Amino acid sequence: DAWSDNIGWIDFQCPNVVVQNDGTITGAAWANPSDDGAGTNNIGWISFNAADTASCGAGGAKITGTTLSGWAKAISADNNGWDGCIRLSGTAGDGSSYGITLPGGTSASGDLAGNAWGSDVVGWISFNCNAGGPTQNNICATSNYKVTFTTTAQPLPPLAITRFYANPTRVRKG
């Protein structure tokens, strides 16, 4: 799960957000799944699909190396006074950079870290309690949340025997 002070929890496991072999991110996360008692608005599905994010910026969402870039979009936000766009990396109003990365210098499995920005409606989205929102405070003792990126290796195709021979060509019995 990820956390936003404005909208609450964002669940990345239902149905699933998937990273394709080329790094493109597809699928959707569910924002604020069961926090009605907190008095926050239910944003609904946040899509990472390029077709849904086209009005936000080019390219959808993608992992390149250890960096997540592009856009996500709250698809129920259209015509509600907010375009629904959530920027996954960029420059904040104070000139500081923000974004989401895979820690440890690898694009293999690991916990995402950093923040995304969804304007005043969503605000900052923290992908790991170590980042703790825009204040960058480690709040894992209070709420140990994180979004984990898992890779699965594609199986290799079976090897085909195209040539078979013996060396030496004659073998003595015994």
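Mentor: A disulfide is a pair of cysteine sulfur atoms within 2.5 Å. This is a predicted model, where local features need pLDDT of at least 70 and side-chain atom pairs count only at pLDDT 80 or more, while totals for chains, interfaces and linings use all residues. Residues are numbered from 1 along each chain as its sequence is written, and side-chain values use heavy atoms, with hydrogens and water left out.

Trainee: How many disulfides does a search of the whole structure find?

Mentor: The search finds 1.

Trainee: What makes Cys 56 and Cys 85 a disulfide?

Mentor: Their sulfurs are 2.1 Å apart. The cut-off is 2.5 Å, so the pair counts.

Trainee: Why is this disulfide called left-handed?

Mentor: The torsion about the S-S bond of Cys 56 and Cys 85 is about -90°, so the disulfide is left-handed.

Trainee: Where do Cys 56 and Cys 85 sit?

Mentor: Cys 56 is in the loop between helix 1 (50-53) and strand 5, and Cys 85 is in strand 7 (residues 85-87). They are 29 residues apart, and the pair links distant parts of the chain. Helices (H or I, at least four residues) and strands (E, at least two) are DSSP runs, numbered from the N terminus. Both cysteines are buried.

Trainee: Why is Asn 128 called buried?

Mentor: Buried means under 20% relative accessible area, exposed means over 50%, and partly exposed is in between (1.4 Å probe, protein chains only). Asn 128 has 4% relative accessibility, so it counts as buried.

Trainee: Which residues does Asn 128 touch?

Mentor: Contact means heavy atoms within 4.5 Å. Leaving aside residues up to four places away in sequence, Asn 128 touches Asp 111, Leu 112, Ala 113, Tyr 145 and Lys 146. The side chain of Asn 128 also reaches the backbone oxygen of Leu 112 at 3.0 Å.

Trainee: What makes Asp 111 and Lys 146 a salt bridge?

Mentor: The rule asks for a side-chain nitrogen of Lys or Arg within 4 Å of a carboxyl oxygen of Asp or Glu. Here the N to O distance is 3.5 Å, so the pair qualifies. The search of the whole structure finds 1 salt bridge.

Trainee: Why do Asp 111 and Lys 146 count as partly exposed?

Mentor: Asp 111 has 25% relative accessibility, and Lys 146 has 38%. Both values fall between the two cut-offs, so both residues are partly exposed.

Trainee: Why is the pair of Trp 9 and Tyr 145 called edge-to-face?

Mentor: Rings of Phe, Tyr and Trp (its six-membered ring) pair if their centres lie within 6.5 Å; planes under 30 degrees apart are stacked, over 60 edge-to-face, and the rest tilted. The count comes to 7 aromatic pairs. For Trp 9 and Tyr 145, the centres are 5.4 Å apart and the planes 75° apart, so the pair is edge-to-face. Tyr 145 is buried at 4%, whereas Trp 9 is partly exposed at 28%.

Trainee: What makes Phe 12 and Phe 127 tilted?

Mentor: Their planes are 55° apart, with centres at 5.5 Å, so the pair is neither stacked nor edge-to-face. Phe 12 lies in strand 2 and Phe 127 in the loop between strand 12 and strand 13, so the pair ties together parts that are 115 residues apart in sequence.

Trainee: Which residues of the largest nonpolar core touch the most other members?

Mentor: A nonpolar core is a set of buried Ala, Val, Leu, Ile, Met, Phe, Trp, Tyr and Cys residues joined through side-chain atoms within 4.5 Å. Of the 28 residues in this one, Ile 10, Phe 12, Ile 46, Phe 48, Leu 88, Ile 125 and Phe 127 touch the most other members.

Key. A polar contact is a pair of N or O atoms within 3.5 Å; within protein, one must be able to donate a hydrogen and the other to accept it, and residues adjacent in sequence count only if both atoms are side-chain atoms.
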